[in-house]
Amino acid sequence: LVIVNAELNVVSTNRLFRSRTGLKNDEILGKPLGQVVAAEAVAKLARETVDTNQSSAPVFVEWAGSKARVTGLPLRGWEEDSLPEALLLIEEQGAA
């Protein structure tokens with residue numbers, strides 16, 4: 001799991017993501033998504049999810065040596081002035 005803000009900077013990841021990338025939190029948080037996940041299709045999906053505030057159709061990419069399905073889900077805080085974020089769900093599909 002990866003959460004990005006409206007500028008597509010990483011604001012949170014889960015332990016499995018960090019384990020698969022070999023990166024630590026301080027190497028990921030605040031970084032542009034493109035520096036953390038090198039797949040242009042993922043950045044496009046994240047931008048679409050943030051801009052439309054709607055779930056995106058999944059994209060399939062190569063990630064960490066495997067095929068992966070990436071789905072974008074919109075996140076919004078309960079406050080009216082909260083900024084949009086997107087949850088990127090990365091599901092490994094098998095060997096690339």
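Phe-17 makes contact (heavy atoms within 4.5 Å) with Leu-1, Val-2, Ile-28, Val-36, Val-37, Trp-63 and Ile-90, leaving aside residues up to four places away in sequence. This is a predicted model, in which local features need pLDDT of at least 70 and side-chain atom pairs count only at pLDDT 80 or more, while totals for chains, interfaces and linings use all residues. Residues are numbered from 1 along each chain as its sequence is written, and side-chain values use heavy atoms, with hydrogens and water left out.

**The core around Phe-17**
- Phe-17 is also among the residues with the most contacts inside the largest nonpolar core, which has 22 residues.
- Such a core is a set of buried Ala, Val, Leu, Ile, Met, Phe, Trp, Tyr and Cys residues joined through side-chain atoms within 4.5 Å; buried means under 20% relative accessible area and exposed over 50%, with a 1.4 Å probe and protein chains only.
- Helix H4 gives the most to this core, with four residues.

**Helix H4**
- H4 spans residues 40–52; helices here are DSSP runs of H or I with at least four residues, and strands are runs of E with at least two, numbered from the N terminus.
- Val-42, Leu-45, Ala-46, Thr-49 and Val-50 are the buried residues of H4.
- These fall within an arc of 130 degrees (directions from the helix axis to the C-beta atoms), so they line one face of the helix.
- The face turned away from them carries the exposed residues Glu-40, Lys-44 and Asp-51.
- Just after H4, Asn-53 has a positive phi of about 55 degrees.

**The whole chain**
- Four helices and five strands make up its secondary structure, in the order β-β-α-α-α-α-β-β-β.
- Buried residues account for 34% of the 96 residues.

Notes:
The expected span of a helix is 1.5 Å times one less than its number of residues.
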